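These are my notebook entries on a structure that I had not examined before. I set down what I looked up, entry by entry.

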There are 2 protein chains.
Amino acid sequence: MAKRNLTPKSENMSKWYTQVIQQAKLADYSPVKGCMVFRPNGYGIWENIQKSYQQLLDKMEVKNAYFPIFIPMSFLEKEADHIEGFAPELAIVTHAGGEELAEKLVIRPTSETIMYDMYSKWVQSHRDLPIKINQWNNVVRWEKRTNFFLRTTEFLWQEAHSAHANKQEAIDLMYEALASYREIAEDYLAIPVVTGKKSESEKFAGANLTTTIEAMMPDGKALQSGTSHHLGQNFSKKDAFNISFQNSEGQTEYAWQNSWGLSTRIIGAIIMTHGDDDGVVMPPKVAPTQVAIVAASQDKDIIAKVKEIKKQLQDADIRTASDISSETSLGWKLNDTELTGIPVTLIVGKRELENGKLTANIRFTKTKQKVSLENLIDNVKKILDSIQSEMFKKALERTKELTHSVENYDDFKKIMLGDRGFIKAFWCENEDCEKAIKEETKATTRCLPFTDNKGLVKEEDGVCIKCGKKATHRWLFAQAY
Amino acid sequence: MAKRNLTPKSENMSKWYTQVIQQAKLADYSPVKGCMVFRPNGYGIWENIQKSYQQLLDKMEVKNAYFPIFIPMSFLEKEADHIEGFAPELAIVTHAGGEELAEKLVIRPTSETIMYDMYSKWVQSHRDLPIKINQWNNVVRWEKRTNFFLRTTEFLWQEAHSAHANKQEAIDLMYEALASYREIAEDYLAIPVVTGKKSESEKFAGANLTTTIEAMMPDGKALQSGTSHHLGQNFSKKDAFNISFQNSEGQTEYAWQNSWGLSTRIIGAIIMTHGDDDGVVMPPKVAPTQVAIVAASQDKDIIAKVKEIKKQLQDADIRTASDISSETSLGWKLNDTELTGIPVTLIVGKRELENGKLTANIRFTKTKQKVSLENLIDNVKKILDSIQSEMFKKALERTKELTHSVENYDDFKKIMLGDRGFIKAFWCENEDCEKAIKEETKATTRCLPFTDNKGLVKEEDGVCIKCGKKATHRWLFAQAY
């Protein structure tokens with residue numbers, strides 16, 4: 001593939017974003033409005049995120065399962081906030097097998113209701129708890145305005161759902177799940193995040209408490225990248241799904257529940273956070289291809305060496321591709337690995353063979369370095385590790401630059417209507433102020449930031465930037481995707 | 001979980017099947033008619049099948065991707081046989097986002113049409129070919145009569161779709177995919193299969209040639225377990241999806257295509273093939289848990305040893321679980337590992353600690369053997385390997401017993417209306433005879449068996465068992481799931 005007419009990211013990130021995704025073959029528009037096609041270059045990122053996050057799910061002793069995509073409409077209506085939140089976005093099956101259905105079926109926008117109906121059947125005693133089940137699946141939420149990865153009518157995600165005999169056990173797991181999202185974002189995707197709790201108006205439809213990881217994009221807009229909810233007994237109580245159990249004293253109690261989800265939208269965060277004017281830049285840990293080996297010519301010794309090195313790296317579990325095609329030039333091949341953001345491209349030419357040193361193009365820094373064929377695997381692993389940590393550092397630097405603390409509404413507006421970014425500011429926690437701020441600046445409360453992994457927040461004396469009334473916490477505001 | 005009132009498999013396999021699936025917590029009925037819930041014990045089998053088959057897809061250089069679940073109705077209508085085959089089974093979305101849709105959307109019963117519309121966009125030159133893309137996804141086919149795993153309205157599968165510049169290249173890959181299915185069935189699931197081609201009336205809606213793997217269940221009924229199709233140019237031609245390309249001489253040609261799919265129905269084959277009166281019996285290679293370690297008492301040395309051995313086995317990539325609960329007896333625990341079919345259960349008790357030898361319950365043979373703690377990992381691996389190959393041998397033995405060659409229709413009817421099984425018999429390849437045989441015996445042509453991996457069939461002189469006219473091949477008949 002050739003790099004052609006890519007709008008510079010620095011000039012217009014939103015245009016760049018749409019173009020780079022198509023040119024790097026990460027995704028494409030589909031003939032169904034609002035749905036996208038995940039091409040292998042884009043889907044491969046998701047596969048690596050899945051593998052990474054699966055390890056964290058295993059640690060939390062969460063088991064994978066699969067529940068039906070169809071939900072009877074009546075189920076959604078059992079939790080009042082839940083149906084209110086999702087009603088406008090539902091896709092509905094009315095006909096199937098050549099007949100009109102007696103009860104309309106909703107395509108899952110999320111699976112609380114269909115899963116908890118089963119939990120209710122499976123749980124009798126406190127011995128049946130906890131239940132911790134995850135699904136990797138597709139969900140559908142009908143969106144008016146869509147954007148590759150960030151907002152699509154159908155998207156892929158994991159949704160985990162737990163039920164506990166004990167409230168504190170549930171809350172502990174909610175924070176553990178939040179911490180697992182921070183780990184994925186920061187340690188694997190090299191995206192720094194702020195963790196915190198959502199305001200009443202921004203929390204999940206049906207939750208008592210929603211916690212979130214929020215990332216800052218280079219254009220000054222925030223991206224909510226994963227949420228972990230404590231649902232209390234909203235879904236388990238008798239008039240909802242009746243997940244009741246006999247406790248060890250023989251009394252009936254209702255389960256305490258959580259759900260948490262991370263979706264393919266986070267791929268959009270990777271692209272925006274790390275990409276540059278020349279294309280995508282992939283963090284090594286989730287790059288579908290970590291190393292590309294390119295033949296400088298069709299010389300048979302060179303071709304043989306490319307194949308040998310490829311096998312060597314693949315045997316060491318480094319995701320490696322090679323390009324030995326005679327149909328394209330070296331320049332074309334390098335342009336290709338640059339556009340698709342492969343972290344390291346190794347060039348094998350005559351001189352390289354003679355010297356025993358390969359030329360490595362480092363995508364992130366756009367620098368070249370020599371890599372000795374001796375201890376090649378160790379050398380390559382070191383380079384990949386270093387790229388991974390440098391990418392995080394750079395993104396953290398930028399997030400810090402884009403994070404402001406303000407004390408009055410004039411400064412708030414100036415920043416938020418200018419270069420944007422995160423703003424930490426006192427808010428009285430009254431919804432009217434939150435709404436007014438949103439109307440005037442497009443900024444929403446992203447979260448009340450946590451100062452630890454257990455939900456601690458900083459108490460301070462202050463006044464709401466909007467109404468001037470007493471406020472005890474600085475909330476994080478931003479315009480958001 | 002307790003074993004309770006499990007109908008013996010030998011007495012009524014169909015009753016046993018439904019009961020054992022629920023008791024071993026492999027799956028459960030869902031509140032949506034025809035859909036099932038894959039519980040962790042059942043979904044875990046699918047995850048292992050996925051991991052195993054992914055390696056074979058990688059070998060074929062097939063890349064994973066994801067296409068929308070929705071298909072515009074007009075797309076399905078572009079290939080006449082295709083829409084005719086699928087029309088009765090479609091689930092249709094008419095309303096979404098609070099509005100009636102301008103064009104009704106079908107929930108994919110299979111993705112040929114939505115994928116090939118994109119292929120048409122992506123392919124211009126012979127250099128863009130071949131395309132080899134796979135999806136692991138959910139599909140929906142509205143079924144009147146459903147059965148756990150074997151036939152459900154929604155099911156999970158992989159569907160791979162290729163496009164080639166060259167017909168022979170496509171056909172070669174079709175046979176390679178068929179061979180990969182044989183490998184999965186026989187080497188991983190321990191299920192012997194017959195490979196062959198489908199008759200005209202049994203082939204895939206839209207294919208030129210459908211090849212299949214067919215397995216024989218213990219009740220004498222066949223289970224079609226995976227199909228690999230050559231689609232010719234039926235979908236690529238101009239009036240369908242127009243997947244055209246410039247060949248190296250600059251002329252326009254249409255791509256040659258394949259598709260192949262393997263679904264969660266094969267989990268049903270595992271359960272039926274290997275299970276016994278006491279529950280499920282899992283082949284080690286795809287067992288969610290390969291080894292269970294059970295504490296004989298709550299003695300703290302024993303508990304410590306259980307944990308130590310568990311870690312040791314897990315570190316060696318043996319899928320291991322332990323049960324050290326104080327709430328259930330040893331008998332209960334062993335009953336549990338028996339019902340769920342865990343290949344090896346290691347019992348750790350006082351005597352075992354003293355002797356340095358554990359007692360191993362082998363699920364498949366229902367025998368006990370001593371396993372030395374010295375070289376435990378090697379010992380356990382050897383046992384697992386031996387179970388895997390013995391399970392295949394036993395299943396192969398039974399398939400042979402249930403395979404008959406007959407020369408006349410009286411014998412055919414006697415067997416097919418009695419103990420059933422596979423029958424090899426001459427058929428003239430006229431659809432009328434095929435239909436009449438089906439009406440009179442419920443047997444369908446399963447396939448014309450191949451004698452090699454490349455589609456070779458045995459030519460013989462014979463007469464059709466039904467009409468007595470000239471026939472050149474013995475087809476494989478059976479009643480089928």
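I began with a strand pair in chain B and looked up the bridge partner of B:Val291 in β16(B), which is B:Thr320. Strand β15 (residues 291-295) of chain B and strand β16 (residues 320-323) of chain B run parallel and are joined by four bridges. I take strands as DSSP runs of E with at least two residues and helices as runs of H or I with at least four, numbered from the N terminus; two strands pair if DSSP finds at least two bridges between them.

I note for the whole notebook that the model is predicted: local features need pLDDT of at least 70 and side-chain atom pairs count only at pLDDT 80 or more, while totals for chains, interfaces and linings use all residues. Residues are numbered from 1 along each chain as its sequence is written, and chains are lettered from A and ligands numbered from 1 in the order in which they are written.

I then asked how many residues of β15(B) are buried. Five of the five are, so the strand is largely enclosed by the rest of the structure. I found B:Val291, B:Ile293 and B:Ala295 buried on one side and B:Ala292 and B:Val294 buried on the other, so that both faces are covered. A residue is buried here if 20 or more other C-beta atoms lie within 10 Å of its own, exposed if 12 or fewer, and partly exposed in between, with C-beta atoms placed from the backbone.

Next I looked up the contact of the two chains, which takes 40 residues from chain B and 40 residues from chain A. Residues are in contact if their C-beta atoms, placed from the backbone, lie within 7 Å. On the side of chain B that touches chain A, the largest share, six residues, comes from β5(B). That side divides into 24 nonpolar, seven polar and nine charged residues. Ala, Val, Leu, Ile, Met, Phe, Trp, Tyr, Cys and Pro count as nonpolar, Asp, Glu, Lys and Arg as charged, and the others, Gly among them, as polar.

I followed β5(B) to its partner in the other chain. Strand β5 (residues 91-96) of chain A pairs with β5(B) in the antiparallel sense over five bridges, and A:Ala91 has B:Ala96 as its bridge partner. I read the open sheet of six strands as β4(A)-β6(A)-β5(A)-β5(B)-β6(B)-β4(B), with antiparallel pairing. β4 (70-72) of chain A and β4 of chain B stand at the edges with a single partner strand each, so one side of each has no neighbour in the sheet. From one strand to the next, the twist averages 45°. At the chain B end, three bridges join β4(B) to strand β6 (residues 99-107) of chain B, and B:Phe70 is the bridge partner of B:Ile107.

I turned to two helices of chain B. The axes of helix α2 (residues 40-59) and helix α7 (residues 265-274) come within 10 Å and cross at roughly 110°. The two are therefore roughly perpendicular, a term for angles of 65 to 115 degrees. I found B:Gly42, B:Ile45, B:Trp46 and B:Ile49 in α2(B) meeting B:Ile266, B:Ile267 and B:Ile270 in α7(B). Six residues of this contact are nonpolar, one is polar and none is charged.

My last entry concerns A:Asn355 in helix α10 (residues 350-355) of chain A. A:Asn355 counts as partly exposed, with 13 C-beta neighbours inside 10 Å. A:Ser372 is 17 residues from A:Asn355 in sequence and 8.6 Å away in space, C-alpha to C-alpha.

Methods. Axes fitted to C-alpha atoms, helices over the stretch in contact; angles between N-to-C directions. Parallel < 35°, antiparallel > 145°, perpendicular 65-115°, else oblique.
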